[in-house]
Amino acid sequence: MSGFLVRRLGLALVQLVVVASLIFLLVRLIPGDAARAVAGEIATKEQVAAIRAEMGLDRPVWGQFLDFWAGLLRGDLGTSLISGREVMLDLPPRVANSLELVLIALALAVLIGVPLGRWAALRADRAGDHLVTGAGILGISLPVFVLGTLLLLVFSLWLPILPPERFVTIGQDPAAHLRALVLPVVTLTAASTAVIARMTRSSMLETLSADYVRTARSKGLAETLVVRRHALRTALIPVVSITGVELATLIGSTVLVETIFGWPGMSSFLMNAVGSRDYPVIQAVVLSTATIVIAVNFAADLVIRALDPRTEAV
Amino acid sequence: MATAVPPAAPPESRRAPAWRRALRNPRISIAGGLLLVAALAAALAPVITPFDYRDQVALPLTGSGLLGTDDFGRDVLSRLVMGMRTSLVVAAAAVVIAAVLGVLAGLVAGYLGGWTAVAVTRGADILLSFPAVVLAIAAVAILGPELRNVVIVIGVLYVPRFARIVYVQVLTVRSAEYVDAARVMGAGPMRIMLRTVLPNIAAPIIVQTSLSLSFAVQVEAGLSFLGLGAQPPLPSLGTMVAAGRDFLEVQPSLLIHPAVVIIAIVLALNVLGDGLRDLLDPRRAAR
């Protein structure tokens, strides 16, 4: 396991380095002049030159690249071109707010999706299975911003169970914080639950017909034990890897969901930066989301390794 | 095992061709038919819409016309058909880019192996470790909020999905006898890849195309919803949902109509993709 751990950690670090470098290049190699874009249409040549110097864009790309990395290693993500504040001051609380939504939604998706998929697989081609399969395909077909807006219409306006509220932190008023959390989390979790249930179902069906499961049955094990000890464990391997993929999807979806429900996460930070072409902020948000995805895929691979009996001894 | 396809498939010559089996499959024919109608309506949008999507035809937010008017007094039905056209054209163009580049990369990596394979598979892994929507927002923001850029960004983001699938498939057929046969007959690498290997791995590519279209429609609509895609007055299904959000209390139908159209299109694409996968993948069909 330790050799695998080292190799997998090495891969994650390489991924991080490449991803960060790509983000740096993305901002600089894109056609168009970033400084002019920041300065606006009517800026004079001198103003554009001043902004270019301030952004460090007047120096050779290699020098900028080294500065970028020196900053990253010090935990410095640069300074917002608009507010003049260090990005590291404003980013962490935003990321924390977004992660709160994403992680609750992902946990719910696993807690609901896995049992649901298992239940459907055990009654394949019967009414309950068709119900889950049908709901599953509907679930993955509801674009997150459409579902969010529809939920807002139904639960905030038509049946005002959850009227729109101002965001408060959990410290200020826990009950109000949880009420504000419900609709965004439900919106986020719907599609992921469907994806995980579908994956669990098809993976269970595959393992239930595998030879070692037939062997377990033929040696007289009770069906519940066969399912729990033999089938489910192997069936969960692809479920764990799709859960890692779902996290990346959820981080993207949360940008839309936060916009709809006014949740102060990365979304408003990113969208304001996009509106004003605040490159250091855009760069920092993309980098932090990619880092989260790489870290979670790393964790998912460790879990898969632990679940898979074929790799246990290695 | 109450499926239509018997577990032991009949000999190849007696089995109906895939397209005929597809037509007989209710999921595929219903979803495909719905998409065909949507595509036709989108193609003929300027001809069949009762009004120009830019024109004020009645008082704002009234019930005039089949689906009423929006906040500028424009005909909602006409804008809905035009919006569907925008969304479908953007999604289709993006998926064509993704499929062509991805299939080429996967074919070359799978056929040549070696460092090409390492470069393509590692590159795909890295591109997939970005959350697609966040990267799309950033890239469109940097390139400028235009539909052309949305097409490019979605297209590039989906290249790895095609490249991976094709790569794995090529590995499984690369050493097949018919590939060796083609090589012995003197076919060059290009001819083998495009004429011998590609037709034999078409099934998973077709399935991936259908599922990618469903994602592309959602991402385009999401970007347009955020104001980064279609720019007014051109409607897209995403901008229409965004506009409907502002009038939830006054006229919820402004939200509900585009929402229903998006859900119907995405649902049809997913049902079609699932149906094709079950039909074309013998391992799954046997269940």
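A residue is taken as buried if 20 or more other C-beta atoms lie within 10 Å of its own, as exposed if 12 or fewer do, and as partly exposed in between, with C-beta atoms placed from the backbone.

**Conventions**

I note that this is a predicted model, in which local features need pLDDT of at least 70, side-chain atom pairs count only at pLDDT 80 or more, and totals for chains, interfaces and linings use all residues. Residues are numbered from 1 along each chain as its sequence is written, and chains are lettered from A and ligands numbered from 1 in the order in which they are written.

**Entry 1: A:Asp125**

I looked up the loop between α5 and α6 of chain A and found A:Asp125 there. A:Asp125 counts as exposed because it has 12 C-beta neighbours inside 10 Å. Its phi is positive, about 65°, although the residue is not a glycine. For background, most residues other than glycine have a negative phi, and most peptide bonds are trans.

**Entry 2: B:Pro233**

I then turned to the peptide bond joining B:Pro232 and B:Pro233, which is cis with omega about 10°. B:Pro233 sits in the loop between α10 (202-225) and α11 (237-245) of chain B.

**Entry 3: chain A overall**

I find twelve helices and zero strands in chain A; helices (H or I, at least four residues) and strands (E, at least two) are DSSP runs, numbered from the N terminus. Along the principal axes, the C-alpha atoms of chain A fill a box of roughly 85 × 55 × 35 Å. Of the 314 residues in chain A, 38% are buried. I also looked at contacts, where two residues qualify if their C-beta atoms, placed from the backbone, lie within 7 Å. Among contacts in chain A with a separation of 6 or more, 72% join residues 24 or more positions apart.

**Entry 4: the two domains of chain A**

I recorded domain 1 (2-73) and domain 2 (92-307) for chain A; such bounds come from an automatic or database domain assignment. The centres of the two domains, taken over C-alpha atoms, are 32 Å apart. Twelve residues of domain 1 of chain A are in contact with eleven residues of domain 2 of chain A. On the domain 1 side, α1 (2-29) and α2 (34-39) of chain A each supply at least two residues, and α1(A) gives the most, with nine residues. That side divides into ten nonpolar residues, one polar and one charged. Here Ala, Val, Leu, Ile, Met, Phe, Trp, Tyr, Cys and Pro count as nonpolar, Asp, Glu, Lys and Arg as charged, and the others, Gly among them, as polar.

**Entry 5: A:Met88**

I located A:Met88 in helix α5 (residues 87-122) of chain A. A:Met88 counts as partly exposed because it has 15 C-beta neighbours inside 10 Å. Not counting residues up to four places away in sequence, A:Met88 touches A:Gly75, A:Asp76 and A:Leu77.

**Entry 6: α11 and α12 of chain A**

I examined helix α11 (residues 266-275) and helix α12 (residues 279-307) of chain A, which pack at an angle of about 145° with their axes 8 Å apart. Axes are lines fitted to C-alpha atoms, for helices over the stretch in contact, and angles run from 0 to 180 degrees between N-to-C directions. On the α11(A) side I list A:Met266, A:Phe269, A:Leu270, A:Ala273 and A:Val274, which meet A:Val281, A:Ile282 and A:Val285 in α12(A). This contact divides into eight nonpolar residues, no polar and no charged.

**Entry 7: chain A against chain B**

I find 38 residues of chain A in contact with 35 residues of chain B. On the chain A side, α1, α6 (127-139), α7 (144-158), α10 (223-261), α11 and α12 each supply at least two residues. The largest share, eight residues, comes from α12(A). The chain A side divides into 29 nonpolar, eight polar and one charged.

**Entry 8: UniProt records**

I checked the unreviewed UniProt entry for chain A, which lists "domain: ABC transmembrane type-1" at residues 95-304. UniProt positions are given in the numbering used here, feature names are shortened, and annotations may be inferred rather than shown by experiment. In the model, residues 95-304 of chain A are 83% helix and 0% strand, and the end C-alpha atoms lie 27 Å apart. For chain B, an unreviewed UniProt entry places "transmembrane region" at several spans, including 28-48 and 124-144. I computed 95% helix and 0% strand over residues 28-48 of chain B, with the end C-alpha atoms 27 Å apart. Residues 124-144 of chain B are 81% helix and 0% strand, and their end C-alpha atoms lie 25 Å apart.
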